[in-house]
Amino acid sequence: MFRLEVRTSTPAWFNLALPLLAIGATLVLCSGLIALAGAGVLEAYGVMFTASLGDSYAITETMVRAAPMIFTGLAVAVAFRAKFWNIGAEGQLLAGAVASCFVGAIPMPGPLAMVLMAMAGAAAGAAVALVPATLRVKFKVDDVVSSLLLNSVIYYALMALIEGPWKDSFSGYPISPPIEDSANFPVLLEGTRLHLGVVVALLTAPLIWFLIVRTTLGFRIRVTGENPEAARYGGINVERVLISTALLSGTLAGLAGVGEVGGVHFQVMSDISPGYGYSGIVVAMLARLNPLGVVPAAIFLAAVMTGAEAMSRATGVPAFLSDVIQGTALLAMLVALLFTAYRIRRVGAAR
Amino acid sequence: MSLPAPLIEMRGITKHFGAVKANEAVDLSVAPGEILGLLGENGAGKTTLMNVLFGAYAPDAGEILIQGQKVRITSSADALAAGIGMVHQHFHLAPRLTVLENLLIGIPGKTGRIDRAGGLARLAEIGRQHGLTLDPDLPVSALSVGEQQRLEIVKALFRGARLLILDEPTAVLAPSEVDGLFSALRSMAAQGLGIIFISHKLNEVRALTHRCTVLRHGRVAGRVDDPANTTSSEMATLMCGHEIVPPARGPSTPGADVLTLDGISTSKHSGTPLRDVSLAVRTGEILGIAGVSGNGQRALAEVISGTRVPDAGQMTIAGQKVSRFSPREVQALGLGRIPEDRMTTGLVTNLPLADSMVLPRIGTTAFSSKGLLKPDAIRAFAEAQIKAYDIRCPGPMTRAGALSGGNLQKALLARELAFDPKVLIVSQPTRGLDIGAARFIHEKFLAMRAKGCGIVVIGEDLEELLVLCDRIAVMYEGRIVGTLDSADATIARLGLMMTGAEGHS
Ligand SMILES: Nc1ncnc2c1ncn2[C@@H]1O[C@H](COP(=O)(O)OP(=O)(O)OP(=O)(O)O)[C@@H](O)[C@H]1O
Ligand SMILES: [Mg+2]
């Protein structure tokens, strides 16, 4: 018989082993579905791998997809560190996209436009995140619910915008007008879509790591998240920390939207985000809320997404498998996290 | 000689946690009707041994016998079925459910439905037999700590426990509640129940138990067959391996007022508010605040510590008026603070010890500048304190929650004393600590007093206050009813004042 026992310390190698374990378990579990769809498991995973990481072009495509999830993953990681349960990265991303699209459509010199787009998108994301944080701090409203519901509010506001004032009067499509060509983020590798925003995302991760680990704000975020009562006793203004965290988190999620508008779509449409905000939760959990871990975790999910489409074309397994893998990975990681707090012990063998 | 056959016998129990030998070949037995004291320093392995008996841990070696029969206990359900009940240091109750519902959880009636009438009858019967009365329809969240403990005991009896384990039950009780607990335990023992009683308060052990087993570093260090006629210092010697002499408090040489409260009142918070509290602490003296818990001590500690703003009144620290009542302000004025609850208010158990040690002063130039942490300074500070106070832990990056109570208290003391406070406010400084650790804390307070620090000690343990304090103020219903010089104070006199009778200042 096996039992769970509380452990007092968690070995450091768990940080790496647990996500790998979770990913391994996910791939094994999902292979059942692939088989059920009538395809060869190894073949399907093989196609997924080549299509997402097999050559340099595939890698750039995967990185382009990873960029928004790095941002949303960081947004969620920062928020969850403070136990500000921001499930609203999706809405904050959309708000960032709309705001940056609005700014990007104004004619002005390219570099200035890009900077202003980023600032506008960041501000919009932060403003949206401020709502659940304020509701929690002032009225003790549950932040999970409020941030989640706000996603729909933002989504339908966006729809109203592109179905209404922004609607393309010529084609009749619900698509915003494109941003100025000069505001398009520069492409870094000719013949690919690898844009400046991807590099910014990669550089942001260590920056956020530094903020969490090496600054007083990061210290306050960590302490507030782990024990608000001790934080308050120690002179930390817990409410202010939650608000700062929300602003930071919303900024990061907003930047995800900026990158999609400036670097990928150059306009706003209803499906500008295939749920990157929600994927950010999976990314952050796989990364164990470590900003540096967010990068590989986001790349993994991006590879699954890019690979799933190719696999679908090649083997006939529906591309929805990508969503199943994401969901399973989150569940597997949550189960794996149990091992940081508990150890399995065999009982009864001693006799 | 006809000793009754043991109710429970543990033989050769060994339990290691990695390199820590929490229990090593421990033998222990309890006879029906016997109250066994289980003694030992912090970390000696008492709780671990009881967790083995209760099925929470599987022992690495050893066996358990119930009435001579070998049994295997691999879960608390097994333990309950074998007639073993345990009242943990932290209670296991469902706060939203009522007393009766908590009792009936997991006990279906004959038809699989909950037998409310039968439950009420049993509850009333247990209440009558042992004086353990509880209102069946109150939600647990409305019970005091003492009542919750009573419910835990009743719960064990309800499930037919023949052996009851109590892990430091008196640490959470006011002295007046302790008497009620003891009479209930005696009454249960008189009916043939075996009881294992864990406590660091040796006078309680001497008053209550019939026999004691003493653990040291996980092994049985000795047994005491006649606790009532054994002195506390003999027991302490057995526990620690050497003698513990109480610290000598020399005459005080108080100077000017270093902390004053003038007409402080509070309102609008849970717990007893303060009503017009005035007091003064001088440099180089220790002022005790005695009182039955729940008479405003918490509000007093919060106001002085800067976590509660009073509605009326003035406070000064080292001659400076306190205006904002924030932790940062009172700290900057020279106040050191040690909270009542180490685990929830004092430390961040999931983060490295070093983080907890610098937490209250993280924004000062000692540990950060311009918003950037100074990791080397933080580490060096924690390492220096760990060394200076002999805090037993693998290092500053150890998770704070992994430390024992005594070491946590040392860490909290170190983080304040390192900044040479002019005044120190502490609540329940030695709750849950063994005598060696308590002795260490007392010595530090006396050393600070000799250096001219003024100290306020809020406590329920009158003996401790009498040993430590130069003056003792008594609180009752949010007021200070009187202050005695400790030369004039006796337990009886303080006890009387604690019921609200006016004292003479
Ligand atoms: N789950 C655990 N994992 C690792 N070590 C543990 C665990 N539980 C206890 N220990 C260690 O085992 C030793 C005995 O601990 P235990 O809690 O039994 O002591 P105790 O006698 O109850 O002390 P106290 O008087 O402070 O309650 C300590 O060194 C403790 O750190
Ligand atoms: Mg213990």
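This is a predicted model: local features need pLDDT of at least 70, side-chain atom pairs count only at pLDDT 80 or more; totals for chains, interfaces and linings use all residues.
Residues are numbered from 1 along each chain as its sequence is written, and chains are lettered from A and ligands numbered from 1 in the order in which they are written. Local features need pLDDT of at least 70 and side-chain atom pairs count only at pLDDT 80 or more, while totals for chains, interfaces and linings use all residues; side-chain values use heavy atoms, with hydrogens and water left out.

**Stop 1: ligand 1**

Select ligand 1, which lies between chains A and B. Around ligand 1 are 16 residues (each with a heavy atom within 4 Å of it). Those that come nearest are Gly43(B), Lys46(B), Thr47(B), Thr48(B) and His200(B).

Now show Thr48(B): a side-chain N or O atom there is 2.5 Å from an oxygen atom of ligand 1. For Thr47(B), a polar side-chain atom lies 2.7 Å from a ligand oxygen. At Gly45(B), a polar backbone atom is 2.9 Å from an oxygen of ligand 1. Taken alone, ligand 1 exposes 640 Å², and the protein buries 77% of that (Shrake-Rupley method, 1.4 Å probe).

Next, colour α1 (46–53) of chain B, a helix (a DSSP run of H or I, at least four residues). α1(B) gives the most to the shell, with three residues.

**Stop 2: two helices of chain A**

Select residues 110–139 (α5) and 238–265 (α10) of chain A; their axes come within 6 Å and cross at roughly 145 degrees (lines fitted to C-alpha atoms over the stretch in contact, with angles from 0 to 180 degrees between N-to-C directions). In the contact (heavy atoms within 4.5 Å), α5(A) residues include Gly121(A) and Gly125(A), and α10(A) residues include Gly250(A) and Gly254(A).

How values were computed
A polar contact is a pair of N or O atoms within 3.5 Å; within protein, one must be able to donate a hydrogen and the other to accept it, and residues adjacent in sequence count only if both atoms are side-chain atoms.
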